[in-house]
Protein chains: 2
Amino acid sequence: MDLFPVFKELAQKTPSKILLIVLDGVGGLPLEPGGPTELEAAKTPNLDRLAEESALGLLTPVYPGLAPGSGPGHLALFGYDPFRYVVGRGALSALGLGADFREGDVALRGNFATLAEGKVVDRRAGRPSTEENQRVIAKLKEAIPRIEDVEVHFYTESEHRFLVILRGEGLEDRVTDTDPQKTGLPPLKAQALDEASEKTARIVNLLSERIQEVLEDEPRMNGALFRGASKRPSFPRMGEVYGLTPAAIASYPMYKGLASLVGMEVLPVEGEGDALEGKLKALRENWGRYDFFYFHVKKTDAMGEDGNFWGKVEKIERFDALLPEILSLGPDVLAITGDHSTPALLKAHSWHPVPLLLKAPYLRADEARRFTEREAQRGSLGHLRGVELMPLLLAHAGKLLKYGA
Amino acid sequence: MDLFPVFKELAQKTPSKILLIVLDGVGGLPLEPGGPTELEAAKTPNLDRLAEESALGLLTPVYPGLAPGSGPGHLALFGYDPFRYVVGRGALSALGLGADFREGDVALRGNFATLAEGKVVDRRAGRPSTEENQRVIAKLKEAIPRIEDVEVHFYTESEHRFLVILRGEGLEDRVTDTDPQKTGLPPLKAQALDEASEKTARIVNLLSERIQEVLEDEPRMNGALFRGASKRPSFPRMGEVYGLTPAAIASYPMYKGLASLVGMEVLPVEGEGDALEGKLKALRENWGRYDFFYFHVKKTDAMGEDGNFWGKVEKIERFDALLPEILSLGPDVLAITGDHSTPALLKAHSWHPVPLLLKAPYLRADEARRFTEREAQRGSLGHLRGVELMPLLLAHAGKLLKYGA
């Protein structure tokens, strides 16, 4: 059930400020049964002190058993039902690369492939280096600026992966993939699944042919397979739904892109990589201008993906060190949580719930003493779904009226 | 929201094996406040040891406050939303009796009733014995093999209850009941609720007349009232939805029928009654052939229905004694739970949550020490709905890909 109409009716503008801190992939697992998780192993005196005066709970970001990608995990935290507000693969890729991706564009994920006698012999073209990919993309950019009246924009992703953005009149995204998913078959023809998408299908098929012509002398990267055609989704804005003036503080394109999809103002952040100091500066300098801040910390997830347990522990501790300065801004409502778990043990996103910490007025007594998975089980917030977080934050911030008389 | 399309896309075939053990109606209540429940009273050294190394949680099979029948309770455990995947009363009855119930057939529950001057004077015909019922059913079988071109199959259920299965071309099940629900009124005429069901309505009305003619000399069982006309439902198969090759090990027709509705292979089980040894044998002998096993234990529920607290305790202990042999098969993921509670105190299914035990890789630390209702509250799985169990089992078995990028 879509509750946005309900929130829209009940939301009211107030001066109170909400700060939502997302420690990407923060939930973890013990390396061996009985051992500590990353959060339990970390020394976090500031988080511990905060947990004492906060309420905790566990959050299942999307659904029990589902390991969410960044898209669904974040959309859920922003209150957008991730089964209803779906971002296509091409669009996600465009957001992740920070590509110039406009309303009306169609984005497609591409794979360089090796073709022989018209058939796919390697769907990943022998996994070229990203540098090789860049070299070939430069060639394509030069050779294929457009097909008919449609602009074609190429972007290197990594290894065999690239992105194409089509820009022009009358493009829709209901077209089938050209990737046959196995070798020994020719690339498929893109087919329109509705009339409005016929032009896109034609352009994709012409593009595939042109790429083969341009790359015919390449030994391995001599063909392309396309998947996940998608337009930039048009979601309701947080301003409309919640009456908020929201800002995003993130440094990686994917998160900035997701935030812009839900209508957040993406603030510039100084510095390279996760740039925590730059993020803190952006938060401080913009504190007066917005009433909702999404603050993203990436490296916890990156370390988890690398299987680096102690690296993840260190990233948690680094965040802990920043916490006093964040708290000194005096958010009325502060939530700290993750968009999913990324246990170093699994080197991947997982389905396990994440701890949620809520510092706000009007909390009930709470037995949880640390921001850890185990303590969060004992918290007074109980066990929530990701999409249930936003209304809770709005309520604690005094921004939601009574529902019904 | 129907998540089957999501699971379908994310499910992947792996060699890992999932074993789901359903202790029917296992949840209980203390006979008096402060006393133990059936599970707490039982001596279960093997379950206790397993609980130490497992994660526990509480499962609300269908919805808070709803005491589910076997149908919704089991469908939920198999991941089928019990409000979406509904089995009509006639169909459930056919499954429960293990009747020959085919696609296209329409099943109806019948009551023998006493009629006088065309009006119902006893809706249950004085609750005849099941033997009396069998005698009269034999008479009807003989006298009414068909109505028009439609085969009529009669089955004794118990006391005043029987089942009719109609088999023929062009039968649909949208027809109203003939049971007026109170005495002093004539039986109602079955009415078609859509055009396609008109033939069924006509056949049911002709059948009611024929039954009265055949039984006119019977002193009490001289009429029949029909309810719950339903076809065999056509549900998606677990193989399609989850990519599993599932098998069911159960000995009572209802559970075999439900398992076959969701596309499980129903394995033959040697022995009478609950036949736990035969079930174990079937499990052992088929272990290599399937990747999902549903293993049903019935007597816990039967004792609860009888109000036999200590009988139920004993059935739990009997299961406990089998556990080591089950564990020796080495399931990758093992879940033990119930389809609902059947507290001996209530002599009936109840709405209380059931404990859930999960032994699997990648569990979080857990404070719960026994497979009991009280300990399960402290478990790390938290409080789940029945339908949420399957994705969790698939995830722990490594059978679900990430949702979204």
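Me: In this predicted model, what makes the meeting of helix 4 of chain B with helix 9 of chain B a contact, and which residues take part?
Reply: Contact requires heavy atoms within 4.5 Å. Ser70(B), Gly71(B) and His74(B) of helix 4 of chain B meet Met254(B), Tyr255(B) and Leu258(B) of helix 9 of chain B. By class, this contact of helix 4 of chain B with helix 9 of chain B holds three nonpolar, three polar and no charged residues.

Me: What makes helix 10 of chain B roughly parallel to helix 12 of chain B?
Reply: Helix 10 (residues 276-286) of chain B packs against helix 12 of chain B at about 15°, with the axes 11 Å apart. The cut-off for roughly parallel is under 35 degrees, and therefore helix 10 of chain B counts as roughly parallel to helix 12 of chain B. Their crossing is right-handed.

Me: Which residues make that contact, and how do they divide by class?
Reply: From helix 10 of chain B come Leu276(B), Glu277(B), Leu280(B), Leu283(B) and Arg284(B); from helix 12 of chain B come Arg318(B), Leu322(B), Glu325(B) and Ile326(B). The contact of helix 10 of chain B with helix 12 of chain B divides into five nonpolar, no polar and four charged residues. Leu and Ile count as nonpolar, Glu and Arg as charged.

Me: Why is Glu314(B) called partly exposed?
Reply: Glu314(B) has a relative accessible area of 37%. Buried means under 20% and exposed means over 50%, so Glu314(B), falling in between, is partly exposed. Glu314(B) sits in helix 12 (residues 309-327) of chain B. Between Glu314(B) and Pro268(B) there are 46 residues in sequence and 26 Å in space, C-alpha to C-alpha.

Me: How do you know that helix 14 of chain B is largely enclosed by the rest of the structure?
Reply: Eight of the eight residues of helix 14 (residues 389-396) of chain B are buried, so helix 14 is largely enclosed. Among them are Leu389(B), Met390(B), Pro391(B) and His396(B). Each buried residue is under 20% relative accessible area. Helix 14 of chain B is followed by Gly398(B), with a positive phi near 70°.

Me: What is noted about the phi of Glu148(A) and of Glu159(A)?
Reply: Glu148(A) is not a glycine, yet has a positive phi of about 50°. Glu159(A), also a residue other than glycine, has a positive phi near 50°. Glu148(A) lies in the loop between strand 5 (146-147) and strand 6 (150-158) of chain A. Glu159(A) is in the loop between strand 6 and strand 7 (161-167) of chain A.

Me: Why is Glu148(A) called partly exposed, and why is Glu159(A)?
Reply: The relative accessible area of Glu148(A) is 42%, and that of Glu159(A) is 29%.

Definitions and conventions
Residues numbered from 1 in each chain as written. Chains lettered and ligands numbered in written order. Predicted model: local features only at pLDDT ≥ 70, side-chain atom pairs only at ≥ 80, totals over all residues. Heavy atoms only, no water. Helix = DSSP H or I, 4+ residues; strand = E, 2+ residues; numbered from the N terminus. Buried < 20%, exposed > 50% of the residue type's maximum accessible area, 1.4 Å probe, protein only. Axes fitted to C-alpha atoms, helices over the stretch in contact; angles between N-to-C directions. Parallel < 35°, antiparallel > 145°, perpendicular 65-115°, else oblique. Left-handed = near helix turned anticlockwise from the far one by under 90°.
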